[in-house]
Amino acid sequence: VQPFLLNYPFGLGVVHNGNLVNTDTLTRELRGRRRRLLTSSDTEIILNLLAEGLAAAGEGKGEDEGGKDALSFDQICSAVSSIFQKANGSYSIVAMIADYGLIAFRDPNGIRPLSWGKRTEKRDGGGTLASGESHVFASESVVLSFLGYEKVRDVQPGEVVFIDMKGEVHTRSLLPRAHRPCMFEWIYFASPESEIDGVPVYGSRIQLGKNLARLVKKDLAARGFEADIIVPVPETSRIAAIALAEELAVPYREVLIKNRYIKRTFILDSQEKRQKAVNLKLSPVRSEIEGKRVLLVDDSIVRGTTSKKIIELVRSAGAKQVFFVSTCPPIQEPCYYGIDFPSHAELIAHGRTHAEIERELGADAVIYQDVAGLKASIAAANPDITDPCMACLNADYPTDISAGAGFSARRKIDREKVSPAK
């Protein structure tokens, strides 16, 4: 549905990566006091907040030399500052203002990523801008290289960047807070080719596998278990599984063949859809599994739906024992910042002991990454990231989440509309 568009006080277009927690409060304000028409998207809320801020900052400013409404960088900063004060949650924003330029800004904690790239055009007549340059902002740096841009840098938490039609760049740090980038970007979301906040995704996943090796070796030895093969659950865990196999000197085998036409089961909006997708998603290579003690590696265990079905699949292919390893520590708390598990009830690790999780999944052993290993895997490339957002692990949320219960209730209602309970 993005971009969202609006024509007052300027022609505006906005795209958004993230999630607002206080949507109810902001919606009531915009609908009630401001008479704004809104649907149910938090991106639309940010668009209207930006419009309100630009209108307020431009009152009495008159017109520029060309007869257009005047618009300065100070006014843009004022409008973005009002968003920072009101919007609670995660948001990386890119916005176009017709005939004025491009805005990019990132929430004060920098929870979601935002990369900035630039290239000099070689086409006849120069570049998109008078400077002969083009600029791009994207959630992942892989987009920049794919389109032939050089990375300038990451937009910083609480920073606004404005590039006008002449190609002049204006930047200002408005409300920086403690940098709390979401750890799940490196665990699962981001493409391996990307680099986020100075941390290569590929390298962080290698480190996740290496740090897991110590835990896996200790756990299996304590229980008298051994693994014959290490098997990644395609696709995200492949890099960590390779590193784990190298550290443990256990053969690495890709024996779960993925149907590439099935969506990510993690983000489907009902249990029934996730179950059906898992059934179609993977096919085991029985000749390589039968009689083996199989150590499965996945990026994370959220609801447990996929993990349980994969364990059953491997057992049905003749595995002697099945161990399940997660590159992420136990997810026990809801996320309100853009990862789709806003309820305790959905999380297999919430309220269960380790032994209960193993029984629920049907594994001979379940081994999780620890928090120290996760933090070390990210900080290895950028020691400045000392406190990534791990609220889904430890409930240490970067922002106020008091409105989170209402968010969870709304999401539950939305899902039941799509897939009513039977």
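Predicted model: local features only at pLDDT ≥ 70, side-chain atom pairs only at ≥ 80, totals over all residues.

Start with helix α11, residues 354–361. Ile357, Glu358 and Leu361 are buried there, meaning under 20% relative accessible area with a 1.4 Å probe, protein chains only. They sit on the same side of α11, because they span an arc of only 100° around the axis; the arc is taken from the directions from the helix axis to the C-beta atoms. An α-helix has 3.6 residues a turn, so residues three or four places apart point the same way.

What covers these buried residues? The cover includes α6 (201–223), α10 (305–316) and β17 (365–368).

Residues count from 1 along each chain as its sequence is written, and side-chain values use heavy atoms, without hydrogens or water.

Helices (H or I, at least four residues) and strands (E, at least two) are DSSP runs, numbered from the N terminus.

Now the sheet. It is open, with six strands in the order β1-β2-β3-β4-β8-β9, paired antiparallel. Pairing takes at least two DSSP bridges between two strands. β1 (4–6) and β9 (169–173) are the edges; each has a single partner strand, so one side of each lacks a neighbour in the sheet.

Look at β4 (101–106) and β8 (159–164): five bridges, antiparallel. Gly101 faces Asp164 in β8.

Methods: Buried < 20%, exposed > 50% of the residue type's maximum accessible area, 1.4 Å probe, protein only. Contact = heavy atoms within 4.5 Å.
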